[in-house]
Amino acid sequence: MRGPSHDHGVSPAFPAMTGGASYPPRSQQRSRPDRDLASAMEASKAPAISRAVAVLRFLGKADLPCGVHTVARELGLVPSTCLHVLRTLVAEGLVSFDRDTKRYALDAGILTLARHWLRRNRFTDMAQPLLDDLGQTYDVTALGVRTSGLDHMVVVALSQTGPTLQLSTHIGSRFPALISASGRCVAAFGDFAEADLLARFATLQWDNAPTVEQWLEQVEQTRRLGFAVDHGQYIAGASVMATPVWETDGTFRHALVTIAIGGALHRTDTDALSASLLTAAKTISRRLNGLSADEEGPVGKIRKAG
């Protein structure tokens, strides 16, 4: 069973009873980001920086090293401009150049930047053991994601420790901010106008899409319960659950997400997982905000399951 190739969503492809499923799917990793990057460059107030970032992101998504004309074509750049950007990135150690094939790829300098960020990201360190526990206990893929407004979410922590078939995903994978269960959390708890939410909702693609009315009702339910569940709407045959991790100012920048394939979760398992997910989110929130176990703080917004 393989999910359709979406332009605006991010859904894993599910080979029946085999490994190799990816999150996001390779087809979307190649198509959707290129148009997004080109649009971002057009709207940027610092086009030189935006061009460099777009080139880095494109090379990061590419399965193989790329020539200058491929990069320029996919990003809508003038080839000479693209070549100048690539040469600058090579000089900075962020991109490598193969003189024999005349192709470019990300270089090890990127790892230095990523390592510095990971060292400062307390959420990842706090979330990892709890994600591992969720994965082992409920046989799910467990993710920690960081929100970025209405644009996207990025995977910053993950656990794939369960014994059966799970999704293959990676740190740095991105998906639309309003998609699936995590998207309902963004809509329910983010400070966004309904008109903006509906405009973004209209661009999403699902395997079994909810109507606008159904989605708004699901968002309201998420607001009441403190977590969201997506049973096969975003991805046929998969159950996705998500809950926010609160900051001291009452906002959230991270969320915990679990993904179970097929009939791995029965109703009782869903109840147990939702309770464990909420507990994990509360634990991380307290630790991030320096609160003791008996202090409520912003985590009081997360209500008990059921």
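Reader: How much of the protein counts as buried?
Author: Of its 306 residues, 46% count as buried, meaning under 20% relative accessible area, with exposed over 50% and partly exposed in between (1.4 Å probe, protein chains only). This is a predicted model, where local features need pLDDT of at least 70 and side-chain atom pairs count only at pLDDT 80 or more, while totals for chains, interfaces and linings use all residues. Residues are numbered from 1 along each chain as its sequence is written, and side-chain values use heavy atoms, leaving out hydrogens and water.

Reader: Thanks! How many helices and strands are there?
Author: The protein has 11 helices and 10 strands. These are DSSP runs numbered from the N terminus: helices are H or I with at least four residues, strands are E with at least two.

Reader: And which residues touch the most other members in the largest nonpolar core?
Author: Leu143, Val145, Leu178, Trp206, Trp215, Phe252 and Val257 do, in a core of 32 residues. A nonpolar core here is a set of buried Ala, Val, Leu, Ile, Met, Phe, Trp, Tyr and Cys residues joined through side-chain atoms within 4.5 Å.

Reader: Which elements supply at least two residues each?
Author: The strands are β4 (141–148), β5 (152–159), β9 (238–246) and β10 (252–261), and the helices are α8 (180–189), α9 (194–201) and α10 (212–225). The largest share, 6 residues, comes from α8.

Reader: Nice. What does valine 145 touch, leaving aside residues up to four places away in sequence?
Author: Valine 145 touches Phe123, Met153, Val154, Val155, Val156, Phe175, Arg253, His254, Ala255 and Val257. A contact means heavy atoms within 4.5 Å.

Reader: Back to α8, then. At what angle do α8 and α10 pack?
Author: About 75°, with the axes 8 Å apart. That makes α8 roughly perpendicular to α10. Axes are lines fitted to C-alpha atoms, for helices over the stretch in contact, and angles run from 0 to 180 degrees between N-to-C directions. Under 35 degrees counts as roughly parallel, over 145 as roughly antiparallel, 65 to 115 as roughly perpendicular and the rest as oblique.

Reader: Which residues make that contact?
Author: From α8 there are Arg184, Cys185, Ala187, Ala188 and Phe189, and from α10 Trp215, Gln218, Val219, Thr222 and Arg223.

Reader: Changing topic: how many salt bridges does a search of the whole structure find?
Author: It finds 4, a salt bridge being a side-chain nitrogen of Lys or Arg within 4 Å of a carboxyl oxygen of Asp or Glu. One of them joins arginine 184 and aspartate 230, at 3.4 Å from N to O. Arginine 184 sits in helix α8 and aspartate 230 in strand β8 (residues 228–231), 46 residues apart.

Reader: Are those two buried or exposed?
Author: Both arginine 184 and aspartate 230 are buried.

Reader: What about arginine 223 and glutamate 220?
Author: Their side chains meet in a salt bridge too, at 2.6 Å from N to O. Both lie in helix α10, 3 residues apart, about one turn of the helix. Arginine 223 is partly exposed at 33% relative accessible area, and glutamate 220 is partly exposed at 34%.

Reader: Last one: how many disulfides does the structure hold?
Author: It holds 0, where a disulfide is a pair of cysteine sulfur atoms within 2.5 Å. For cysteine 82, the nearest cysteine sulfur, that of cysteine 66, is 9.9 Å away. Cysteine 82 is buried at 0% relative accessibility.
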